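Here is a short briefing on one protein model. Look over the sequence and the structure before reading on.

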Amino acid sequence: MSNKGLHPFVQEHKHALLFAGGIAAAIIGTKIIKSQTTKDLATKGMAGVISAKKDAEETFQDMRENAEDIVYDARMDDKQEIYVAKKE
């Protein structure tokens, strides 16, 4: 990376400026994380995830019950075929 286009002050104190920028980012980040708006958004997001999980579990349970019904019906059909074949 070339430093030719930077102001002489920035070139001379770039490490100090990076350090100050890091401190500023930490302070601003802390303010953002502690804000009520962020907490509200996180709560709504988590509620959405929990709702999606609940819906997925219900869908999976419905699929499982349908599969069990299909297996039961198939076994009953198979038993009827065996009984008819033995009777003849």
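Residues are numbered from 1 along each chain as its sequence is written, and side-chain values use heavy atoms, with hydrogens and water left out. The protein has three helices and zero strands.

**Fold and confidence**

- The order along the sequence is α-α-α.
- Helices (H or I, at least four residues) and strands (E, at least two) are DSSP runs, numbered from the N terminus.
- The mean pLDDT, the predictor's confidence in each residue from 0 to 100, is 87 for the protein, and 86% of the residues score at least 70.
- Among the elements, helix α1 (residues 8–12) has the lowest mean pLDDT, 80, while α2 has the highest, 92.
- Where pLDDT is low, the predicted coordinates should not be read in detail.

**Exposure**

- Of the 88 residues, 0% count as buried.
- Buried means under 20% relative accessible area, exposed over 50%, and partly exposed in between (1.4 Å probe, protein chains only).
- The protein exposes about 8300 Å², and carbon and sulfur atoms supply 63% of that area.
- Accessible areas come from the Shrake-Rupley method with a 1.4 Å probe; for residues, only the protein chains shown count as cover.

**Salt bridge**

- The count comes to one salt bridge, defined as a side-chain nitrogen of Lys or Arg within 4 Å of a carboxyl oxygen of Asp or Glu.
- E57 and K53 form a salt bridge at 3.0 Å, N to O.
- The two residues, E57 and K53, lie four apart in helix α3 (residues 36–87), so about one helical turn separates them.
- E57 is partly exposed at 45% relative accessible area, whereas K53 is exposed at 53%.

**Surface patches**

- Patches take residues with over 30% relative accessible area and no salt bridge, joining like charges within 9 Å and nonpolar side chains (Val, Leu, Ile, Met, Phe, Trp, Tyr) within 5 Å.
- F19, I23 and I27 make a nonpolar surface patch of about 310 Å².
- F19 sits in helix α2 (residues 14–34) and is exposed, with a relative accessible area of 60%.
- A surface patch of negative charge gathers D55, E58, D62, E65, E68, D69, D73, D77, D78 and E81.
- Asp and Glu count as negative and Lys and Arg as positive; His and the chain ends are not counted.
- The place of a charge is NZ of Lys, CZ of Arg, CG of Asp or CD of Glu.
- E58 belongs to helix α3 and is partly exposed at 42%.
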